[in-house]
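Here is a short note for a colleague who has not seen this structure before. Please read it with the sequence and the model open.

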Amino acid sequence: MTLMAAVDASVKVAGLQDLTIHRSVSSIPFAGRYRLIDFALSNLVNADINSVGIFASQPFGSLIDHIGVGKSWDLDRRKEGLFFLPTTHQNGGIATVGSFRDFEEHLQFFEKSRQTHVVVTSSFVAGQLDYKEMLAHHLASGKDITEAVGASGSLKSYILSRRLMLELIRSYREKRILSVEDLVNLKKAPYSYGVYEYKGYFAIIDSIQQYFKESLGLLDENNRRLLFLPQAPIYTKVKDEPPTRYLDGSNVSNSMMANGSTILGNVKNSIISRAVTVGINASLDSCIIMQKCTIEENCDLSYVIADKDVYIEKGVKLSGTADRPIVLRKGERVTKEDSQ
Amino acid sequence: MNEKVVAMLLAGGQGSRLKSLTYDIAKPAIPYGGKYRIIDFPLSNCTNSGITTVGVLTQYQPHALHRYIGLGTPWDLDRHKGGVTMLPPYAEIDGIKWYAGTASAIYQNINFLTSCEPDYVVILSGDHIYKMDYEKLVEYHKEKQADVTVSVLEVPWEEASRFGIVNTDEDMNIVEFDEKPEKPKSNLASMGVYVFDWEKLERYLEEDNNIEESTHDFGKDILPKMLVDQQKMVAYPFKGYWKDVGTVDSLWEANMDLLDPSAGLVLHDPAWRIYSSNPQLPPQVITETGRVQGSMVNEGCVISGTVSHSVIFQNVLIDKEAVVEDSVVMSGTKIGRGAHLSRVIVPPDVTVPENYRLLEPAAGITLLTQDLIDTWKESGQQ
């Protein structure tokens, strides 16, 4: 029994709007140096799944830029490998995972495959789902569709046979079901439904609050140990940044730091992405700073999410709360006047 | 560049003064700067200079280098045309031909060079740390209509007698080579970086091969012979950071230079990236008890102790109450709680026990090998 995978990178998540103006949910930066889809893709390749279709809807420029030909995941293959399968629908992407309309557009991907089973997965969950184990569980259970469920809910990952997948794609209209998630939630007859109990760490990123909470949750050593397993690495696009520099007078504690940054100021309880500059005497507490942001001297930020390329001029003071972090959109420039 | 330039990178050096760091890897493969190997610098210089055909000549302990360079992907040298070619010594009808000197290494790959059809050949050394635009060097060579151009660096006069010194006239024409002179007449040191017109190089390599007493070395044989023959030889004045890392002390110094902005080597330069084979590791974490000052830290590290003025490679764990100062800690090393390290280089994958201290702090830099740690354990000081 062998697996192929359909990664749903077109799903729309209403609660993440500020971070998805220029990108899909799947390419939201997470954990300093990753995009959300890295976790789904890495789980798949770590289970030796070599035939992976990414179903995408606009805007997917950022996603294509990130994935390329799939080299970082070893999916640049002669045989099978990575398939980028965008929807042609203007308003592609629905609110549930595994849209049959999207799959229907690329029916050949499923028809031509030599694999017996299909993984359908979302791209906004970070975890370490072992699909080999899940497949074994699925086969032993004899159910038609198996859903991975963790302590705090569904991981929105499913396994079903390719034969059933083709049957569903051909009949979803008359059955009036939109997606795999929809089908599993409605438990439509005549199919049988099983649950694979997932015991590891996972984070569902479906709102800004969740994004903020789960990001800072990685500062907990236990979570980190469960997400970053040496035997199952999380792969991402390589950027060739040099190591991060901590200058004299800087003060960093309880923070996760990606490469290529230059830290002169104070950082605590925060996640700092690649190539960020934190100026002298600037103070960051409980912030998520994405790549290539600049925070000038004497800034004082707490509970702030700064998307890529945000420039915060000197002396800016911003403070949100854990429930309502301040979100600065990609490329925004914040001056002292703005923040008063 | 319209004409074709091929780079030949000499990467067979042993570097025996680097002790156990080079027992099983060649000098160009030595880790440097928190994530790099020394050979990343000349390779990235090629990429950034638009040189897309590179031969890498290996001999001493080549496996690590061959595996590291692979198809050349990190340097964009995985190409249909050209790209990187690994050139270890090989056997012929007459037997195996080891590379006796720098010139013989190139001579024995003359077939490779011929098949590349170069106009110019750039000879590089795989164990120097510097950022250099070879395109400018070749342009200079063309402008001067030289047969060979030797890249030179101004060194402090008091150190000039340690180098191969190049004496020139006011137009930078080379008039004399002075190997490690007692009384140097100039402070222009050869960097071991040469540009040759291919036809000239081919001719002189063939000639040199037939001279029995030759040591088959560029500096000692080929260049002096060309000078005698009154070939047009010019010096190209390179300005910028350059370091030949030959000893444990100089390797340490070169790492410390990265922490000193006035030293002149900037890695945070998007316009001249140093490419490297990147392991896939999570970001580094500085924990609640961690403190990092004046240092560089790579991915995968977890720092719970105090780090000051140090270069920390990937996947290093530094436990609580440990102190690391003025040191270089290579990848995969674990430093136990309460250990105190100062002015050391820790090789890859060493486990430094809790409360470790150097028994006799040396005047220079200590290479903290497993042997030293075992001696400490036996001394019963823990």
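1. **Ground rules.** This is a predicted model, in which local features need pLDDT of at least 70, side-chain atom pairs count only at pLDDT 80 or more, and totals for chains, interfaces and linings use all residues. Residues are numbered from 1 along each chain as its sequence is written, chains are lettered from A and ligands numbered from 1 in the order in which they are written, and side-chain values use heavy atoms, with hydrogens and water left out.

2. **Salt bridges overall.** Side chains of opposite charge can pair when their charged atoms come close. Here a salt bridge is a side-chain nitrogen of Lys or Arg within 4 Å of a carboxyl oxygen of Asp or Glu. Over all chains, the count comes to 31 salt bridges.

3. **Two links in chain A.** A:K132 pairs with A:D48, with the closest N and O atoms 2.8 Å apart. This pair links distant parts of the chain, 84 residues apart: A:K132 sits in helix α5 (residues 131-141) and A:D48 in the loop between α1 (36-46) and β4 (51-56). Helices (H or I, at least four residues) and strands (E, at least two) are DSSP runs, numbered from the N terminus. A:R173 forms a salt bridge with A:E104, at 2.5 Å between the closest N and O atoms. That pair joins helix α6 (residues 162-175) to helix α3 (residues 100-105) of chain A, 69 residues apart.

4. **Exposure of these partners.** Buried means under 20% relative accessible area, exposed over 50%, and partly exposed in between (1.4 Å probe, protein chains only). A:K132 is partly exposed, at 46%. A:R173 is exposed, at 54%, while A:E104 is partly exposed, at 30%.

5. **Chain B pairs.** B:E159 forms a salt bridge with B:R162, the closest N and O atoms being 3.7 Å apart. B:E159 is partly exposed, at 31%, whereas B:R162 is exposed, at 55%. Elsewhere, B:R203, B:E207, B:K225 and B:D229 are joined into one network by salt bridges that share partners.

6. **Second largest pocket.** A pocket is an open set of points on a 1 Å grid over the protein atoms alone, with protein on both sides within 12 Å along at least five of seven lines; a cavity is a set where a 1.4 Å probe fits but cannot get out; lining residues have an atom within 4 Å of a point. Grid points are joined across faces, edges and corners, and a volume is the space filled by probe spheres set on the points. The second largest pocket holds about 1,100 Å³. It has 37 lining residues, and A:K71, A:S72, A:V238, B:T73 and B:N278 are the closest to its centre. Two or more lining residues come from each of α2 (61-67) of chain A and α2 (63-69) of chain B.

7. **Cavities.** The structure holds five cavities of 30 Å³ or more.

8. **Backbone details.** Most residues other than glycine have a negative phi, and most peptide bonds are trans. A cis peptide bond joins A:Q58 and A:P59, with omega about -5 degrees. Another cis bond joins A:A189 and A:P190, with omega about 5 degrees. A:K292 has a positive phi, near 60 degrees, and lies in the loop between β20 (288-289) and β21 (294-295) of chain A. A:N298 also has a positive phi, of about 60 degrees.
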